[in-house]
Amino acid sequence: MAAAEAASSAPAPERLLEVDEDEVVIDFKPNAKCRADLRLRSLHPSLPVAFKVQTSSPLKFLVSPPRGAVPPLSSASLRVVLRPQPHAPPSFPRSRADRFLVLSSLSAAHLDSAVGGSNDDTSGGVSAIRLRVFFGGPYLLRLAADAGDAAAVRLILRRQPHLLPFLEHLQAAAPADAEQWAPQPLQLHAAAARG
């Protein structure tokens with residue numbers, strides 16, 4: 001009982017790193033390497049912060065570098081690469097299965113013995129940040145629009161508003177002999193995205 005009280009009264013380690021994005025955003029293209037960049041920022045004023053990145057899908061994703069150190073109050077870039085996939089992700093735009101965990105500590109030795117905690121949780125001198133994976137890009141936007149999946153189109157356009165002209169371009173390229181009485185799904189999606 002006394003040990004539990006001592007553990008609960010011990011100060012939690014401070015947050016050491018910050019990640020610019022709350023999701024890893026991948027512009028998906030079939031049969032192509034898809035890349036996303038992440039920026040880590042050290043919050044410690046005087047010591048380098050060691051980091052290690054883990055993924056729930058190591059056969060699909062590569063992280064470069066998977067570990068390293070960020071100098072005090074500086075930034076470092078990471079590249080996440082999705083290996084070529086022949087088919088669209090089974091769940092998009094937000095993946096249900098793919099996650100990343102960024103562990104950080106003032107000691108690299110602590111990272112190897114750490115087990116991931118909850119988002120921004122700290123335990124044993126190790127801070128953990130969980131990141132979800134968001135699949136987007138023109139290919140998945142068109143796939144969602146063609147399937148009439150308004151929720152997916154809305155999510156992709158909310159996260160990547162620069163794709164709206166692509167959606168309008170698809171509407172302009174629609175065949176002229178399309179049935180006039182039927183609503184144009186791409187037009188409806190574009191209108192919904194604008195509110």
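Helices (H or I, at least four residues) and strands (E, at least two) are DSSP runs, numbered from the N terminus. With that in place, take Asn31, which sits in the loop between strand 2 (23-27) and strand 3.

Before I go on, a word on the source. This is a predicted model, where local features need pLDDT of at least 70 and side-chain atom pairs count only at pLDDT 80 or more, while totals for chains, interfaces and linings use all residues. Residues are numbered from 1 along each chain as its sequence is written, and side-chain values use heavy atoms, with hydrogens and water left out.

Back to Asn31. Its phi is near 55 degrees, a positive value in a residue other than glycine. Most residues other than glycine have a negative phi, and most peptide bonds are trans. Is Asn31 buried or exposed? Here buried means under 20% relative accessible area, exposed means over 50%, and partly exposed is in between, with a 1.4 Å probe and protein chains only. Asn31 has a relative accessible area of 55%, so it is exposed.

Leu73 also has a positive phi, about 50 degrees, although it is not a glycine. Leu73 is in the loop between strand 6 and strand 7, and at 55% relative accessibility it counts as exposed.

Now the cis peptide bonds. One joins Ser64 and Pro65, with omega about -10 degrees, and Pro65 lies in the loop between strand 5 and strand 6 (67-70). Another joins Phe92 and Pro93, with omega about 5 degrees; Pro93 is in the loop between strand 7 and strand 8.

Ser91 is found in that loop too, between strand 7 (75-82) and strand 8 (94-105). Ser91 has a relative accessible area of 11%, so it is buried. A polar atom of the Ser91 side chain lies 3.1 Å from the backbone nitrogen of Arg96. Not counting residues up to four places away in sequence, Ser91 touches Arg96 and Phe135, where contact means heavy atoms within 4.5 Å.

Next, the sheet. Two strands pair if DSSP finds at least two bridges between them. There is an open sheet of 4 strands in the order 1-3-7-5, with antiparallel pairing. Why is one side of strand 1 (17-19) and of strand 5 (61-64) left without a neighbour in the sheet? Both stand at the edges, and each has a single partner strand.

Going across the sheet, 3 bridges join strand 1 to strand 3 (residues 34-42), and Val19 has Leu40 as its bridge partner in strand 3. Strand 3 is joined to strand 7 by 8 bridges, with Arg39 partnered by Ser77.

Last, the interior. In soluble globular proteins, nonpolar side chains tend to be buried together. A nonpolar core is a set of buried Ala, Val, Leu, Ile, Met, Phe, Trp, Tyr and Cys residues joined through side-chain atoms within 4.5 Å. Which members of the largest nonpolar core touch the most other members? Of its 38 residues, they are Val24, Ile26 and Phe100. Strand 10 (residues 126-136) gives the most to this core, with 5 residues. Leaving aside neighbours within four places in sequence, the contacts of Phe100 include Val24, Val80 and Ile129.

How values were computed. A polar contact is a pair of N or O atoms within 3.5 Å; within protein, one must be able to donate a hydrogen and the other to accept it, and residues adjacent in sequence count only if both atoms are side-chain atoms.
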